[in-house]
Amino acid sequence: MNGFLSAVRCSMMRSPAILNHPGESLQFQFHLLLLLKKPFSSIIASLPVEHPDPNPNPNPNPDPPDLPSQLFSILSRPNWRKHPSLKKLIPSISPSHVSSVFSLNLDPQTALSFFYWISQNKPGFIHNVQSHSSLLSILIHYRFLGAAEKIRISMIKSSHSPDDAAFVLDVLRRMNRDNGEFQFKLTLKSYNMLLMCLSKFLMIDEMKSVYFELLGDMISPNIYTLNTMVNGYCKLGNVVEGELYVSKILQAGLNPDTFTYTSLILGHCRSKDVDKAYRVFKLMPQKGCRRNEVSYTNLIHGLCEATRVDDALKLFSQMGEDFCYPTVRTYTVIICALCGLDRKEEALNQGRLKEVEDVMAKMNEEGILPDSLTYTLIIDAYGHLGLIHSAFDVLKRMFDAGCEPSHYTYIYLIKHLSNEKQVKENSNAVGLDFVSITASIDTADVWKMMEFENALELFEKMVEWGCVPNVNTYGKLIIGLCKIGRLEVAKRLFNHMQERGMSPTEDINNSLLNCCCVLEMYDEAIRLVDTMVELGHLPHLEFYRLLVCGLYDEGNKEKAESVFCKLLHCGYNNDEVAWKLLIDGLLKRGLINRCSELFKSYAQSCQSARGQMADTTGRISLWIIGTATVMLLMSPEIAGAGEELLVYQIQMIMKVEASIPLKKRFPNRCFDVGIAEQHTVTFAAGLATEGLKPFVLSTFHSYNVGITRSHQKLANEHEILITVEVGSTEAFGSHVSHYLSLTGSGWTDPSRSPEDQIEEARLSARHITATILSLLGRPKEALQFK
């Protein structure tokens with residue numbers, strides 16, 4: 001039995017009591033337990049609203065159907081691909097719209113077909129992790145498990161940021177732990193792909209947790225699993241921990257391979273021990289492991305970082321002896337070293353830019369296309385030497401090759417153009433040279449000093465060299481300016497772009513929106529949101545959160561509610577809105593009453609979804625509710641009752657998310673007793689006998705903000721308060737039955753018998769027997785009892 005319990009010292013408590021909220025019975029609690037199997041949006045839609053609307057909307061006519069509803073109507077038809085309206089909608093369809101459509105009652109075959117169809121028929125369309133997750137829930141619900149496995153792998157691969165990886169991790173964990181209709185156990189391949197994804201974003205703590213979950217699922221790690229763990233730690237230069245997993249490879253009777261040793265080379269280079277890296281490199285042939293391009297590149301990079309450029313060039317020339325051929329990254333590392341970004345004058349004296357051009361020529365001969373970083377390094381090197389014409393010549397080659405410049409490319413060009421202008425203006429200064437001026441200006445300072453005229457000068461020079469500024473050019477500059485709050489310059493560039501007939505991208509608009517919110521220019525932000533919605537662009541929920549919270553901070557309640565209501569019609573997933581705005585936004589700031597008021601609009605939005613289908617299992621609800629409970633404890637409104645936390649126990653899946661705020665605020669007053677509710681209660685009772693007044697609280701009742709009032713009231717009347725929450729698959733039914741049997745009470749449910757309830761909770765004797773047999777590795781016998 002797992003639960004979320006916390007203890008808070010209260011000011012006045014008398015008699016012990018198990019917390020049953022007024023008007024609630026254990027029968028009602030059991031119904032609430034079953035609700036946890038629904039998504040958070042389904043639960044919240046069924047909750048009573050604390051503040052009824054005194055001014056109902058006088059217009060009974062509903063809003064025109066939004067894009068997801070139109071798509072759903074089209075996709076419900078047999079020949080939806082030939083529907084005349086579908087082609088018109090394609091330009092406006094985003095991954096969030098696809099996710100919203102999948103949240104409706106769409107059949108799995110149509111959902112799967114549309115998932116692939118939109119990717120093929122809208123140029124540049126890429127599904128995000130949310131659209132994958134929504135489709136995955138449909139496929140699992142209808143037991144299309146073969147297709148679901150492919151979508152699961154695709155979802156992991158579609159993670160493009162740490163936030164994406166965290167989202168995927170949470171979804172897969174919940175499906176892996178669910179024992180109902182959304183159960184989808186992780187396979188070894190899925191675990192390996194997930195570990196690789198987490199390693200990519202250096203999420204090492206999460207990797208370690210997933211590794212132990214894999215072991216807990218009685219799955220034996222293979223060489224790919226252990227190599228990924230080695231690589232993850234070595235990326236951070238933690239060779240000691242990496243070598244621990246190398247020992248696990250040997251203990252499992254496996255042999256370290258090329259990937260293992262290459263990771264160790266990387267780890268030693270990252271820990272600034274190039275000599276050890278070189279020893280591992282020399283050891284590989286002796287161990288029967290072929291050195292590959294990555295092995296060479298890692299060591300070459302390490303040598304360059306240690307300023308041993310000549311050794312790196314020697315190793316670079318030896319790659320052919322191992323039948324290895326330089327990759328783009330290998331060439332880029334060499335070019336970076338030759339450019340001598342930290343040795344400008346030495347590079348000029350040795351003429352190494354000639355070697356750089358020779359390397360570029362060799363890349364072209366071998367058919368290897370330089371990437372944006374490669375070109376940018378050369379542009380910056382020419383700029384540092386005052387060779388601006390050569391720098392723009394490289395930019396022209398970059399455009400001709402179809403390689404989009406990055407924001408670094410443009411800011412380096414602006415920096416060097418400004419330096420060239422400064423040199424000309426100070427040409428009579430004694431002892432002034434170009435390199436000294438270049439070194440005096442940091443790249444980060446260029447964004448702070450950049451004016452609209454600097455951008456125009458860049459554009460003029462680009463046109464002169466045949467590089468016409470495009471949306472990407474404007475976008476990189478606008479986004480860079482917005483990041484440091486240079487909104488006025490960014491807006492002038494935005495207007496300049498529109499005057500030349502270019503339409504802003506969603507990223508450009510979102511950057512401007514974020515900047516407006518950060519600068520507390522909320523009216524400007526609202527106008528921008530309206531424009532984005534008209535263009536079919538989705539404002540990021542993080543920026544929406546800043547806008548809504550900012551409006552409340554200003555005391556502009558009406559505008560905040562209006563903005564929130566518009567958000568509900570933009571096609572977002574309801575659970576995302578609940579978490580990012582209501583919980584992580586308002587509740588986290590202690591705006592409990594405001595959060596409660598917006599629940600009404602949120603609940604109405606959830607109820608309006610036609611046959612909404614769960615895109616998450618009950619675990620996401622538990623996670624959201626649990627975190628909400630912790631935030632309530634931390635809020636100023638109940639801070640008086642929570643000044644002295646004394647006992648606290650947290651469910652494993654909330655170990656990181658929910659416990660951190662409490663631990664930070666009360667580091668010496670929190671006790672993690674593990675998964676042991678009995679010990680928690682005993683601990684609380686012992687504290688009470690010594691004159692302390694612990695408060696043991698669960699997440700079960702905390703999703704209704706108004707219930708907090710009951711907690712406070714009861715805290716003044718009872719010595720110990722206990723609420724217990726737990727999933728039905730974790731023996732909650734048996735504990736309730738035991739308690740009622742001791743009190744002589746009965747356990748009844750108007751809709752079904754106790755036996756049926758236990759059967760639904762999968763707590764019957766045959767279910768328990770099947771679980772035990774499965775854990776003992778006897779699956780065939782277990783099937784007889786399922």
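Trainee: What makes α21 mostly covered?

Mentor: Buried means under 20% relative accessible area, with exposed over 50% and partly exposed in between (1.4 Å probe, protein chains only). In α21, 12 of its 13 residues are buried, so the helix is mostly covered. Among the buried ones are S372, Y375, D380 and H384. Bear in mind that this is a predicted model, where local features need pLDDT of at least 70, side-chain atom pairs count only at pLDDT 80 or more, and totals for chains, interfaces and linings use all residues. Residues are numbered from 1 along each chain as its sequence is written, and side-chain values use heavy atoms, leaving out hydrogens and water.

Trainee: Why does M218 count as exposed?

Mentor: Its relative accessibility is 60%, so M218 is on the exposed side of the cut-off. M218 sits in the loop between α11 (204-216) and α12 (223-235), with a positive phi of about 60° despite not being a glycine. Most residues other than glycine have a negative phi.

Trainee: And what makes T307 exposed?

Mentor: T307 has 63% relative accessibility, so it counts as exposed too. T307 lies in the loop between α16 (293-305) and α17 (309-317), and its phi is positive, near 60°.

Key
Helices (H or I, at least four residues) and strands (E, at least two) are DSSP runs, numbered from the N terminus.
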